[in-house]
Amino acid sequence: MESEQHQIILAIESSCDETSASVVRDGVVLSNIIATQKVHEEYGGVVPELASRAHLQNIVPVVDQALKAAQISKESLHAIAFTQAPGLLGALLVGSSFAKGLAQALDIPLIPVHHMQAHVLAHFIEDPKPTFPFLCLTVSGGHTQIVLCHAPLDMEILGETIDDAAGEAFDKIAKMLELPYPGGPLIDKYAQEGNPRAFEFPIPNLEGLNFSFSGVKTAVLYFLQKKKAIDPDFVKENLKDICASVQYTIVKALMKKFEKAAKAYGVSHIGVAGGVSANSGLRTAISELGQKYKWQVYLPKFEYCTDNAAMIAITAHYKMLQKEFTDLKAVPTARAAWK
Ligand code: KG4
Ligand code: ZN
């Protein structure tokens, strides 16, 4: 079972507030253990120092669980993969240092993985896998990108946000509504019972394929200030309609550029990735877009949308096939170019 002809990789993800480990054998994910750090909730956002400390506490049990769930021993691993960038530097250091130590102890190669490339490749964990060229809308707490994929490791960014990420806009607006962090999933929950056309917020009108969300955020802030001055209970009384209207605006802004990109590049295989791809409004919108043009739509399972090590593992699988390794000198970086 664990013989030499297999390619078995342990992958570690620690870029933000999820400590995760996954084992992949020959491109098949055998386990994906995720420890979500609850410590940040009371601060209304991720506190970098607390994230690093929580990773330190979580990493050994999470890796042990991932190996156990996959029924793989450390000795039968062929490589260790880790998220090298982008992310919180202290958080990345925990995962990368652990990966380096284990790779050195087992005398096996190290595979560095770019977190944003991994979000896109989350589509390749399960069947049916996308056909190339594949266009992916990657929407997370830190990024908003339209990515054109020619092959698993050959991708280009066609457009991205010039200010806030879509998830950041969801979370910051949720904070204005006094919802706990991360507010994106809660806006989604309340939006499902609200009227998306109750309140109108401006859709950013940027040229090309880039996005901007800071204007939406400011428009909602001023709108709430004005309404609350007249009625202090305005948010409480209108929460569902506000959430539905905010979600409608953000999803519309995302879909406008995504549709434009797919048409401009003649792509008919499309998908969404990243934490915000769990959003029900976005999932419906992309499915409707697919129906409209008869395009093939790919939506990853929820557990592969938000941060997880399975996406790092599948990326490492493709990198190992091309022998894209690094050595013990590898250092994580908070920001990094695409490759
Ligand atoms: O990819 P991810 O787990 O972490 C980053 O790499 O940033 O994305 C987290 C983001 C957060 O902003 C969170 O609020 C958002 O994804 N998110 C959602 C939903 N689920 C997660 N936003 C809107 N609706 C959701 N259902
Ligand atoms: Zn992410």
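1. Conventions. Residues are numbered from 1 along each chain as its sequence is written, while chains are lettered from A and ligands numbered from 1 in the order in which they are written. Since this is a predicted model, local features need pLDDT of at least 70, side-chain atom pairs count only at pLDDT 80 or more, and totals for chains, interfaces and linings use all residues; side-chain values use heavy atoms, with hydrogens and water left out.

2. The shell around the ligand. How many residues surround ligand 1? There are 19, and the closest are Gly 141, Asp 171, Asp 188, Gly 275 and Asn 279. A residue is near a molecule or strand if one of its heavy atoms lies within 4 Å of it. Sorted by class, the shell holds five nonpolar, 11 polar and three charged residues. In this sorting Ala, Val, Leu, Ile, Met, Phe, Trp, Tyr, Cys and Pro count as nonpolar, Asp, Glu, Lys and Arg as charged, and the others, Gly among them, as polar.

3. Polar contacts and cover. A polar contact is a pair of N or O atoms within 3.5 Å; within protein, one must be able to donate a hydrogen and the other to accept it, and residues adjacent in sequence count only if both atoms are side-chain atoms. A polar side-chain atom of Asp 188 lies 2.9 Å from a nitrogen atom of ligand 1, and one of His 119 lies 3.3 Å from an oxygen atom of the ligand. The backbone also takes part: a polar backbone atom of Val 276 is 3.5 Å from an oxygen atom of ligand 1. On its own, ligand 1 has 550 Å² of accessible area, of which the protein covers 89%. Such areas come from the Shrake-Rupley method with a 1.4 Å probe; for residues, only the protein chains shown count as cover.

4. Elements and domains at the ligand. Two or more shell residues come from each of helix H3 (115-121), helix H4 (166-176) and helix H5 (184-191). Helices (H or I, at least four residues) and strands (E, at least two) are DSSP runs, numbered from the N terminus. Why does ligand 1 lie between domain 1 and domain 2? Domain 1 (2-120 + 306-321) and domain 2 (128-300) both give residues to the shell, so the ligand lies between them. The domain bounds come from an automatic or database domain assignment.

5. Cysteines. A disulfide is a covalent bond between the sulfur atoms of two cysteines. With a disulfide taken as a pair of cysteine sulfur atoms within 2.5 Å, the count comes to zero. Cys 136 is in no disulfide, and the nearest cysteine sulfur, that of Cys 149, is 6.1 Å away. Is Cys 136 buried or exposed? Its relative accessibility is 0%, so Cys 136 counts as buried (under 20% relative accessible area; exposed is over 50%, and partly exposed is in between, with a 1.4 Å probe and protein chains only). Cys 243 is also buried, with a relative accessible area of 0%.

6. Asn 308. This residue lies in the loop between helix H9 (302-305) and helix H10 (309-321). Asn 308 is buried, as its relative accessible area is 0%. Its side chain reaches the backbone oxygen of Thr 306 at 2.8 Å and the backbone nitrogen of Ala 310 at 3.1 Å.

7. Two separations. Val 216, in helix H6 (residues 214-230), counts as buried at 2% relative accessibility. Along the chain, Val 216 and Asp 164 are 52 residues apart, and their C-alpha atoms are separated by 9.9 Å. Thr 36 belongs to strand E3 (residues 28-36) and counts as partly exposed at 41% relative accessibility. Thr 36 and Gln 322 are 286 residues apart in sequence and 32 Å apart in space, C-alpha to C-alpha.

8. Backbone points to check. Most residues other than glycine have a negative phi, and most peptide bonds are trans. The bond from Asp 127 to Pro 128 is cis, with omega near -5°, and a cis peptide bond, with omega about -5°, joins Phe 132 and Pro 133. Pro 128 is found in the loop between H3 and strand E6 (134-139), and Pro 133 has its place in the loop between H3 and E6. Asp 107, not a glycine, has a positive phi of about 55°; this residue lies in the loop between helix H2 (89-106) and strand E5 (110-114) and counts as exposed at 71% relative accessibility. Lys 294, not a glycine, has a positive phi of about 60°. Lys 294 lies in the loop between helix H8 (280-293) and strand E10 (296-298) and is exposed, with a relative accessible area of 75%.
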